[in-house]
Amino acid sequence: MTYQEKKSIVSVISAILIFVSYCLFMYPRYPGEGVDSKEVFHYWGSFVLYLTLFSIVAHIIISIIFNIVFRLTTNEKEPAFADELDKLIDLKAFRNSFFVFVVGFLFAMGTLAFYQPLHVMFMILISSGFISDVTGSVTKLYHYRRGV
């Protein structure tokens, strides 16, 4: 397995673990029904902000640990350059990830148009962000395994 394939697998697993662990941490803190809308907006705003920060920091830490373990186990360095194939695979992964997020965003806005509760919109929006992250990593893995 190449470095890029292993990195994609680690990225998928870490994205799932980060998202699930953060949601399990934040779920009990939901203000509940019948609470002032300010508190609900505060909850969802802080949910998205802290998820973003937590995810960035966790991905950086996991990437550093992955590179250390990869170097210790294989005695190889991370590739210093990206060739045309790597760039093409990155573009395809970005396209698929962006498409998933935009579709999720449109569904989230559609819930507001059909008078659904506010938390449904936020759940769909956050889930589409997570699914788009996983989609990008899975697309990279697929194209590194099967070709472009």
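Both Y22 and F47 are buried, where buried stands for under 20% relative accessible area, exposed for over 50%, and partly exposed for what lies in between, with a 1.4 Å probe and protein chains only. The model is a predicted one, in which local features need pLDDT of at least 70 and side-chain atom pairs count only at pLDDT 80 or more, while totals for chains, interfaces and linings use all residues. Residues are numbered from 1 along each chain as its sequence is written, and side-chain values use heavy atoms, with hydrogens and water left out.

## Aromatic rings

A pair of aromatic rings is described by the distance of the centres and the angle of the planes. Here the rings of Phe, Tyr and Trp (for Trp its six-membered ring) pair if their centres lie within 6.5 Å, and planes under 30 degrees apart count as stacked, over 60 as edge-to-face and the rest as tilted. By this rule the count comes to 13 aromatic pairs. The rings of Y3 and F66 have their centres 5.6 Å apart and their planes at 40°, so this pair is tilted. Y3 belongs to helix α1 (residues 3–26) and F66 to helix α2 (residues 37–74), so the pair ties together parts that are 63 residues apart in sequence. Helices (H or I, at least four residues) and strands (E, at least two) are DSSP runs, numbered from the N terminus. Y3 is buried, and F66 is buried as well.

The aromatic pair of Y22 and F47 is edge-to-face, with 5.1 Å from centre to centre and 70° between the planes. Because Y22 lies in helix α1 and F47 in helix α2, this pair ties together parts that are 25 residues apart in sequence. Y22 and F47 also belong to one aromatic cluster, which is formed by Y22, Y30, Y43, W44, F47, F54 and F122. At another ring, that of F25, the charged end of R29 sits over the ring, 3.9 Å from its centre; for this, NZ of Lys or CZ of Arg must be within 6 Å of the ring centre and within 35 degrees of the ring normal.

The chain has four helices and zero strands, and from the N terminus on its elements run α-α-α-α. Two packed helices are described by the angle between their axes and the distance between the axes. How do α2 and α4 pack? Helix α2 and helix α4 (residues 118–146) pack at an angle of about 10°, with their axes 10 Å apart. That makes α2 roughly parallel to α4, since angles under 35 degrees count as roughly parallel, over 145 as roughly antiparallel, 65 to 115 as roughly perpendicular and the rest as oblique. The axes are lines fitted to C-alpha atoms, for helices over the stretch in contact, and the angles run from 0 to 180 degrees between N-to-C directions.

From α2, the residues F41, W44, F47, V48, L51 and H59 meet L118, H119, F122, M123, I126 and D133 in α4, where contact means heavy atoms within 4.5 Å. The residues of this contact of α2 with α4 divide into nine nonpolar, two polar and one charged; Ala, Val, Leu, Ile, Met, Phe, Trp, Tyr, Cys and Pro count as nonpolar, Asp, Glu, Lys and Arg as charged, and the others, Gly among them, as polar.

## Exposure of single residues

The table lists the relative accessible area of some residues.

| Residue | Relative accessible area | Class |
|---|---|---|
| N75 | 70% | exposed |
| Y115 | 76% | exposed |
| G45 | 38% | partly exposed |
| A82 | 40% | partly exposed |
| V12 | 14% | buried |

N75 lies in the loop between α2 and α3 (84–113) and has a positive phi of about 55° although it is not a glycine. Y115 has its place in the loop between α3 and α4, and its phi is near 60°, a positive value in a residue other than glycine.

V12, found in helix α1, and V134 are 122 residues apart in sequence and 5.6 Å apart in space, C-alpha to C-alpha. Leaving aside its neighbours within four places in sequence, V12 is in contact with V134, S137 and V138. G45, by contrast, is found in helix α2, and its C-alpha atom is separated by 24 Å from that of T135, 90 residues apart along the chain.
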